[in-house]
Structures are given as C-alpha cells and as structure tokens.
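Have a go at each task before you read its solution.

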Amino acid sequence: MEHGQTEDLNDLMRRRREEYHELQQHGVQPYAYEFPVDAEAQEVLASFSDDDPQRDVAVAGRIMTIRRMGKASFTHIMDHTGKLQIYVKRDEVGEDSYKMFKLLDIGDIVGVRGFVFRTRTGEVSVHAKEIELLAKSLRPLPVPKEKTDEDGNKVVYDQFADKELRYRKRPLDLILNPSVKDVFIKRSQLIRSMRQFLDGRGYIEVETPVLQPLYGGAAARPFVTHHNALDMTLYLRIADELYLKRLIVGGFHGVYEISKDFRNEGMDRNHNPEFTMMELYVAYKDYRWMMELVEEMLFTINKAVNNTNSAVVGGEEIDFTPPFRRLSMFDSIKEHTGEDLRGKDEAELRAAAKRLGVELEDSDGPGKIIDEIFSERVEDKLIQPTFITDYPLELSPLAKKHRTEQGLVERFELYINGQEIANAFSELNDPIDQKERFVEQASLRARGDDEAMTFDEDYVETLEYGMPPTAGLGIGIDRLTMLLTGAESIRDVILFPTMRPEK
RNA sequence: GGGGCUGUAGCUCAGUGGUAGAGCAUCUGCCUUUUAAGCAGAGGGUCGAUGGUUCGAGCCCAUCCAGCCUCACCA
C-alpha cells in the first residue's frame, strides 16, 4: 500500500520533501539523535514568576502553530504536558538559524534553548537563544485553529473530528485532540490500580493460553486459526475461566489474569472483536464474599482514576461508595414490572412476557425467558451500582447451584449505568454436575445454538481431582474504562479499535 | 442483518443538471512581542468506485466500497 507513494505526493508533501533536502544542503540534519530536555511546557508555565524572569530552559516538542512577522516569529510547540509559546528573533538566534527556522513547518519537532519571559500580550513564553530541528515532518498535519474568547472559553475551528479518521489514524488523533490522551492515561491508572488492589491481597497474576484447542468459559463464537507444525485447529480464547480454575485445582489460592479475549461477533458502540477482561478466582470463597471485594475494588479504582467517590456518565453521577444495592433477579423484575416470576412454569413465564411486550423465540426455555424480560425491562434502569443476584441455571453452565433456591445458581452481575460491568459466581466444583451441564450445552449446540459451550473433557477430569469452593469474577476493562471516563463508545477507550481495511 | 445519514482541495465544509467554490493550511512579497496575527498576490481536485439516464452529471438512477447513528444479538 505504501509502495510507489512518492508518485502520489501532493504538493504539500512534495514541498516538505524539498525542504528536507534544502535543510540537508545547509548542513542541517533533519533527524537529530537526541536533545537534552530539562523542562516541560506545563511546568514552565506553572512555575513562572514575573519577579525572576530570566530562567533558562531547554524544551522540545512538536510545532503546532507558526506566526511569522518578517524577522521575528512566534510558534507554539507541544510536548506531552501541553503547549508552550516560543519567540524566535533573527537577531537572537542568528541568521543561519533563522533561515533554518523559516524552512520549518507545523508538525516538525524542535528543541529550543532560551529564557522564560512574558510577552506584551501576557503569554508566558520562551525567548529562544537556540532552536534546533529534531525531526522533520513530511506529511501535513491538520492542526485546528484555536481562539480564546472574551469569556475565557476555548473555541476550536476546523477540529479534527472525523471519527473514522480519528480511529484509523490514532497518532494524529492524539496529537490534535489532546484530551484523547487523558482517557488512555486514565485507562492505564485503572489497570494499575486494579493490579495493586489484587496484588495487595496476595493474588497471583498469571498468563494462560490465548491459543486454545477448545474454547470455553463464555457463550460466544470464536476466531479460528491453524497451527501448521501440529496441523491442528486452534481457537483464540473467548475467556480465561477454565484455565484459571485449573490453577485453583493446582493449589493457587487466588489467581487473576488481565487478558485480551476474542469474540467473533458483531461490533458496535459496546463491542470490539478483541477486548480486555480481568478474571479473578479465589479459593474457599463464594459469590457473596466476591460482592464485597467488587465493591471495594471499584471504589478504590474510581478513586485512583477520578479522585472522587463518583463518576459522571451521560449526565448521571454514579456513586461508588459501598455497599452497592443487592437485588435478586426476580425481585428486580418485580420491582420494575410488577410481575412476580418466582416459581412460574414456562407457560406462565410466556404469558408474563406477552403482558410486558417482550418478544421471545419459540426455542427460548424458562431461563432464557426470564433473562429476556430482565434485559428488556430492567437492565437499562439500573443506573447506580446494583448487584443482580441468582440467575436461572440454564444460562450459567459453570456456576454452582444455589444453596437454597431451586433452579437458580449463585451468580451475580453488577450493573452500572444500565450496563453489565462484572459477572461472578460461586464456581461449580462438582465434576459430575459439571459434566451434566456440558452434556446439556452439547445438546443445545446440536440444536443449532452455535454459542453453546463446548464439552471440555480435560476440564471435567481436572475437577475430578477436587477443586475447593471458589469464587470467580470477570470484569470488562474496556467497559469499566468507558464508565470511569464517561466515554460513549468502546472505540474511544481502545487505542487501535478493529476497523475494516481501507479500500 | 434491518432502517436513517454521510463521502467534494491537506483539514473543516458550501455547491438541486450548464466552465468545480470558501475559510484555514501551502507558496511568493511586506512585516523584530504575535496569538484564529495582518496586508497583497499565486498554486492546488479522477467531486468514494463502477455502470446508466442526458446534448451535458459533483448534482438524477442502479450497484458496489467505506464510515457514522440507530434497532436486533453479544462482554
């Protein structure tokens, strides 16, 4: 795709290449080897004092604006902390340097040595004594114009706002829309804080296979690949669950993994084919214990990211202060629809769905009907953090039967802002029960449900050695990031979201 | 997969059938504290692609490609 690009150079790019050669002819190396930076934009601005205006600094960054006025010019450079104005005067930097400077463009990266001062119009700037080209930019950078109006509001003209281009050309997006970087800094803080939380409790971070001979642990269609030397089909993991629980059998008391999972399904605002999941398994604990851990973890993480007890999403303020509300699935449906589905058979459930205007497939069993009603009528009303507990058994082939409620499993999902953020259960550790569940899944698959779980004999065999009671948890990192940063699309929290190739 | 919208200069966008436009960016000239700097001038286009209708298509029609929004399914 990049071959032959020299033929397609438009005038702007041709011009920059000419400048590149011209600079070389004047003995200027267009790509320097290093520059000893000793100050950053934000800090220079913050620490300036009119009483002591002669501080010398060496700063470096990308040229974002240039205003040339004959024998003197102003330029803004941007480093990783922000923008800083540079004053370049011919009589100060010298004739050769000023000639070099005139060959520079928006997008070029420069190093500047000079002293900090305040201009006549009041902007703290660096008065350049030396300016040095560090990297020539050969492609035009669509830098938007900015103005600060009388009320101090920043007005941006010709913003780089095309979503397709922003996702395809993320480096440009990061340069031109600096607030994008904040989201990914927060994402990093989120993951770091989660690790600290889990490490602090002594859980071990592990790595399990991405390439799996059998995929499992969730209901989803996989990506399929092939290993040449073994001549076998391998699947990209859809979840880590079964491997992590093997490690609990192996004697780890608590393991977690922050992993990329892959699901071969539709893409939209909430789904990317590859996404990041944290899964945690802790021996001798159940799902009730896990609720408390989740509350505490999310409160801690949000505090680390947003420095408050809450986050704002879509105009709603989400309060992360524990404890979160706990509500059984049946009670949540009763609360939001008036229908009490407890103990109802399939015909009664279908009648309730009809009353509520929830459409069903003929093949939907009782568990699926309850889930449909919940999804349609309850889910999006759960704005503040709410644990929905005790799910129908058919929907949860890896969860343990409820200790008192017939037909249910000990499972919870945490809903925040109408979205599922966490999924957890008391893990099924009875190998005989587990085998029966897999058989049930296999029959669903035979009936054409291609999201039904595959029968993992090796996993059942592992359970037969004995797995302690275990609590398991999965948290979607991308969605949690969306929640904590107020992002509206998963593509805004993934640096390089999956895109169809151009052309 | 269904529905809606979009694709024109490097960027943001006008352009309802008759010689492709604006602002910014770029280039030339002037300008030594400017800040959407300013003034004067210049260059820049396979109008997403292919086919069709027409004397004539950026515009109308069809198909395709890509994207966004939305609904359905999924974390």
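On a 1 Å grid over the protein atoms alone, a pocket is an open set of points with protein on both sides within 12 Å along at least five of seven lines, while a cavity is a set of points where a 1.4 Å probe fits but cannot get out; lining residues have an atom within 4 Å of a point. The model is predicted, and local features need pLDDT of at least 70, side-chain atom pairs count only at pLDDT 80 or more, and totals for chains, interfaces and linings use all residues. Residues are numbered from 1 along each chain as its sequence is written, chains are lettered from A and ligands numbered from 1 in the order in which they are written, and side-chain values use heavy atoms, with hydrogens and water left out.

**Exercise 1. Describe the second largest pocket and its lining.**

Step 1: Find its centre. Met-78, Lys-83, Glu-146, Lys-154 and Pro-178 lie nearest to it, among 31 lining residues.

Step 2: Sort the lining by class. Ala, Val, Leu, Ile, Met, Phe, Trp, Tyr, Cys and Pro count as nonpolar, Asp, Glu, Lys and Arg as charged, and the others, Gly among them, as polar. This gives 11 nonpolar, 10 polar and 10 charged residues.

**Exercise 2. Which residues line the largest cavity?**

Step 1: Search the whole structure. Two cavities of 30 Å³ or more turn up, where a volume is the space filled by probe spheres set on the points, and grid points are joined across faces, edges and corners.

Step 2: List the lining. The largest cavity, with a volume of about 50 Å³, is surrounded by Met-64, Met-78, Lys-83, Val-143, Pro-144, Glu-146, Ile-175, Leu-176 and Pro-178.

Step 3: Count by class. Seven of these lining residues are nonpolar, none is polar and two are charged.

**Exercise 3. Which residues come nearest to RNA strand B?**

Step 1: Collect the neighbours. A residue is near the strand if one of its heavy atoms lies within 4 Å of it. There are 48 residues around RNA strand B, and Asp-91, Thr-121, Lys-145, His-271 and Arg-491 come nearest.

Step 2: Look at their classes. The surface near the RNA has nine nonpolar, nine polar and 30 charged residues.

Step 3: Check polar contacts, meaning pairs of N or O atoms within 3.5 Å; within protein, one must be able to donate a hydrogen and the other to accept it, and residues adjacent in sequence count only if both atoms are side-chain atoms. His-271 places a polar side-chain atom 2.2 Å from a base oxygen of RNA strand B. Arg-120 has a polar backbone atom 2.7 Å from a base oxygen, and for Lys-71 a polar backbone atom is 3.3 Å from a phosphate oxygen.
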